[in-house]
Amino acid sequence: MAITTLTMDPMAALRPLVEIARRRREGALRELARRGIPPAVATRYGVGEGVRPGYVPGRLFRAARAVGLVWSRARWRWDGGVVYADPPDRPRFLAVRRRDGHAAWGRRDRPLGLWRLAPTHRLAAVVEGWVDMLALAAWLEAEGLSHVLPLALGGMPTPPQEEALARLGLPLVLIPDGDEAGAEWGRRLAARLGAVLFPAPEGLDPDEALLGRSPDPWRAEILRARAREREAWQAALRALLS
């Protein structure tokens with residue numbers, strides 16, 4: 001995933017484009033539903049759909065080109081992609097997921113999803129990707145675990161993100177991907193933050209382990225074959241978070 005780091009707030013000028021994406025979200029909701037994420041959860045997190053605007057004022061177009069969101073008026077990097085802005089009303093970070101690749105822009109100085117922190121949260125569960133975070137939010141809601149705050153850090157957490165987690169003052173549970181890179185991600189963060197480590201089953205991403213869905217037919221068949229394993233893993237996670 002390509003990440004563009006900017007010294008200025010990249011979303012200040014691009015907020016109108018983000019609002020367009022959030023209003024035209026039907027395709028993005030369908031794509032996430034194929035992964036088992038209900039439209040209500042995706043909408044609550046402000047997910048949108050990357051579209052090519054019909055007319056973009058010169059100032060707005062120049063801002064989009066400056067951050068790498070657009071190459072030309074006819075070529076927008078987010079066309080047809082699922083767009084996540086964090087927080088959705090005043091975004092500081094913007095991520096786009098397409099079938100042919102992913103990209104992100106903006107400030108990575110706090111965990112994604114932190115804008116949903118409420119006094120009722122007693123624990124935070126942390127995953128790598130923002131799609132995994134949406135899947136975790138859907139699973140927590142279905143399980144009635146509203147006291148758990150789902151967060152995402154990305155594959156390469158920044159020191160400010162880690163510091164923000166440490167200042168959060170909540171017990172932390174890390175749920176890394178079930179591969180070697182995820183294991184290293186989890187071990188490193190657990191040691192630094194004193195967090196509990198609860199990796200996804202081997203070879204699975206958290207969204208797959210939690211919701212048992214994949215738009216890839218081959219992955220979907222694997223998930224069906226490992227249903228009992230996933231159920232046992234979910235039961236252990238439920239007990240840990242309760």
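1. Contact here means heavy atoms within 4.5 Å. This is a predicted model, in which local features need pLDDT of at least 70 and side-chain atom pairs count only at pLDDT 80 or more, while totals for chains, interfaces and linings use all residues. Residues are numbered from 1 along each chain as its sequence is written, and side-chain values use heavy atoms, with hydrogens and water left out.

2. His147 sits in the loop between α5 (130-143) and β9 (148-152), where helices (H or I, at least four residues) and strands (E, at least two) are DSSP runs numbered from the N terminus. Leaving aside neighbours within four places in sequence, His147 is in contact with Thr120, His121, Arg122, Leu123, Leu241 and Ser242. A polar atom of the His147 side chain lies 2.6 Å from the backbone oxygen of Leu241.

3. With a relative accessible area of 11%, His147 is buried, a term that means under 20% relative accessible area (1.4 Å probe, protein chains only). Gly154, in the loop between β9 and α6, also counts as buried, at 18% relative accessibility. Not counting residues up to four places away in sequence, Gly154 touches Arg108, Glu128 and Trp185.

4. The axes (lines fitted to C-alpha atoms, over the stretch in contact) of helix α6 (residues 159-168) and helix α7 (residues 180-193) come within 11 Å and cross at roughly 50°. That makes α6 oblique to α7, since angles under 35 degrees count as roughly parallel, over 145 as roughly antiparallel, 65 to 115 as roughly perpendicular and the rest as oblique. The contact is made by Glu162, Leu165 and Ala166 of α6 and by Leu189, Arg192 and Leu193 of α7.

Definitions and conventions:
Buried < 20%, exposed > 50% of the residue type's maximum accessible area, 1.4 Å probe, protein only. Polar contact = N/O pair within 3.5 Å; in protein donor to acceptor, adjacent residues only side chain to side chain. Axes fitted to C-alpha atoms, helices over the stretch in contact; angles between N-to-C directions.
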